[in-house]
Amino acid sequence: MRYIKLVTFLFMAFTISTNAQDVRRYAMGGLSFSIQDSDYQLNLFDIAGNPAWLDNDKNKDYLEVTPNYSGTSGSLKRQFDPARNYIYGVSFEGVRKLKANGTFFGKTSYNFDSRKNVYRTLEYNTYSGDPFFIRDTTSGNFLFHGPQLEFIYSFNLSDKIAVGVSAGYGITQGLKDTYARAEILHRLVSGGLGISYRFSENSAAGLNLGITDAQEKIDVDSDDLLDVEIFRFRGETFSIRKSSGSVTQKNHYRKLFYGGQYMFKPAKNFQAIIAGKITSAYSQLLIPYTNSKTNESFREYEDGYTNYNTSEASFIIQYKFSQYWLFGLTTEYQQKESWSKNPTLGLLLWEWNTQNITAGTGFSYSDEKITTGFEYKIGIYNADSSKHVDSKFTDLNSVNNTIILGCELKLNSPLSLRAGYVYSDYSNDLLFPYLPTSNNQHNITTGLAYQIPDILKLEMAVSYNHVSNSGNNSLYREAVSALLTLTLYEFNTF
């Protein structure tokens with residue numbers, strides 16, 4: 001079911017999307033709110049991504065280099081997912097504290113996304129959630145590759161007010177290795193603005209907004225297309241079939257969000273943050289079109305429109321009740337409402353909504369030699385779909401449980417060993433809704449760190465992830481991921 005992109009948190013576990021600054025938590029199973037970590041603090045930047053707080057969050061210059069790899073395979077997959085998927089690349093990230101005023105953050109990466117045995121689909125984001133999608137009659141390999149850039153600048157207008165701006169750009173090219181030779185070009189541009197106000201040393205508030213504009217262009221141009229059929233679907237049942245020398249379409253997506261945050265520390269051993277965000281987005285399907293009656297031609301004609309609205313809020317607290325013990329608590333709420341229509345006829349095709357509430361608790365123990373942590377999360381999810389054009393109506397509910405264990409052992413001053421374990425179960429897996437029973441996930445992580453204070457830090461993390469169907473052990477999917485990060489604190493130029 002195509003609304004499943006709204007709950008793709010499980011599938012995302014198979015890819016390395018973690019920032020280089022999160023290597024420690026990544027190697028400890030993904031512990032977050034239950035431990036103290038210099039790169040995951042309860043502030044406006046780390047939790048809510050407000051660029052205005054960058055200057056307060058980063059206290060030293062650094063330059064990081066991170067090569068990464070992730071490989072996924074197995075029979076537990078959706079119809080149009082690749083049989084095997086390999087993602088690898090390298091990223092460079094740096095922070096510079098400017099002498100005049102402010103802090104600059106920059107990140108660039110180049111990644112390869114190799115998808116093996118892709119069945120019929122011709123899109124980069126195959127499960128985009130809307131009823132407008134394109135398929136062919138071939139199975140082949142896709143290779144996507146391209147650079148990503150991100151910049152953030154934050155500076156203080158006064159002792160209490162800070163401002164930040166952000167910008168991002170990415171471009172990805174892909175080619176389906178079949179005789180149809182389908183080419184995909186995916187482009188993304190983003191920008192953001194944030195402001196923060198510090199009431200005191202123990203409390204601050206922030207507002208931020210951002211815009212993202214993405215476009216995916218699909219071109220199929222081959223002399224062999226008489227042997228290949230292209231289907232432009234409008235829902236799951238109805239499609240327009242085409243056999244010709246060329247097929248072109250664009251998918252245009254735009255998103256605008258507004259966010260607000262408040263962080264406070266009423267006592268030395270207690271801190272908390274509350275954050276909320278409202279997002280409004282839409283996507284358009286644009287195709288070449290000629291009106292047979294008026295003979296009027298359009299290079300880009302809107303043949304499909306989808307609207308997405310999202311509201312979300314989160315609350316996190318940390319309480320250190322002794323020198324060594326810390327207690328954490330988190331709650332999250334998210335609601336999404338979406339619909340699609342045919343613009344020409346004004347016909348409503350699909351409506352789908354999701355709601356989820358997540359609550360978690362955890363604690364950790366930390367001294368000079370060891371840090372251990374435990375977290376438990378429970379999520380209650382609901383997804384309902386009204387596919388009017390297909391006469392399909394669905395209402396699914398799921399209760400998900402997640403347990404995380406993590407440990408860091410400091411062998412001596414420069415060397416540390418890390419390990420983690422994650423168990424999750426899904427009573428009604430919304431990611432694979434056609435399966436008859438629940439799925440279970442086991443994730444084992446490990447890593448190490450070698451650090452020379454104020455000079456360099458070398459970190460490594462490896463993860464093995466296994467998801468299986470509880471009713472059929474032959475249905476499983478597994479992934480191996482690895483990353484290596486070198487952080488330099490002493491350098492002359494940036």
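Keep in mind that the model is predicted.

Let's start with charge. Side chains of opposite charge can pair when their charged atoms come close. How many salt bridges does a search of the whole structure find? The count is 16.

Take R24 and D37. Their side chains form a salt bridge, with 2.6 Å from N to O. This pair links distant parts of the chain, 13 residues apart. R24 sits in helix 2, residues 23-27. D37 lies in the loop between helix 2 and helix 3. Are these two buried or exposed? R24 has 16% relative accessibility, so it counts as buried. D37 is at 9%, so D37 counts as buried too.

Next, D113 and R115. Their side chains also meet in a salt bridge, at 3.1 Å from N to O. Both D113 and R115 are buried.

Now look at R187 and D213. Here the salt bridge is 2.9 Å, N to O. The two partners are 26 residues apart: R187 is in strand 6, residues 183-200, and D213 is in strand 7, residues 203-221. R187 is partly exposed, because its relative accessible area is 21% and buried means under 20%. D213 comes in at 13%, so it counts as buried.

Some salt bridges share partners. That joins R24, D37, E408, K410, R418, K457 and E459 into one network.

On to the nonpolar side chains. In soluble globular proteins, they tend to be buried together. In this model, the largest nonpolar core has 16 residues. Which residues have the most contacts inside it? They are W53, F105, M263, I273 and I316. Pick out M263. Leaving aside residues up to four places away in sequence, M263 touches L42, N43, L44, W53, N202, S203, A204, A272 and I273. Another core lies apart from the largest one. This other core has 11 residues, among them L122, I134, I184 and I218.

Last, the strands. Find strand 14, residues 347-366, and strand 15, residues 370-387. They run antiparallel, joined by 17 bridges. They form a hairpin, with 3 residues between them. Strand 15 also pairs with strand 16, residues 392-410. Those two are antiparallel as well, with 18 bridges. They make a hairpin with 4 residues between them. In that turn, S391 has a positive phi of about 55°.

G360 stands opposite K377. K377 in turn stands opposite T402 in strand 16.

Definitions and conventions. Residues numbered from 1 in each chain as written. Predicted model: local features only at pLDDT ≥ 70, side-chain atom pairs only at ≥ 80, totals over all residues. Heavy atoms only, no water. Salt bridge = Lys/Arg side-chain N within 4 Å of Asp/Glu carboxyl O. Buried < 20%, exposed > 50% of the residue type's maximum accessible area, 1.4 Å probe, protein only. Core = buried A, V, L, I, M, F, W, Y, C linked by side-chain atoms within 4.5 Å. Contact = heavy atoms within 4.5 Å. Pairing = 2+ DSSP bridges.
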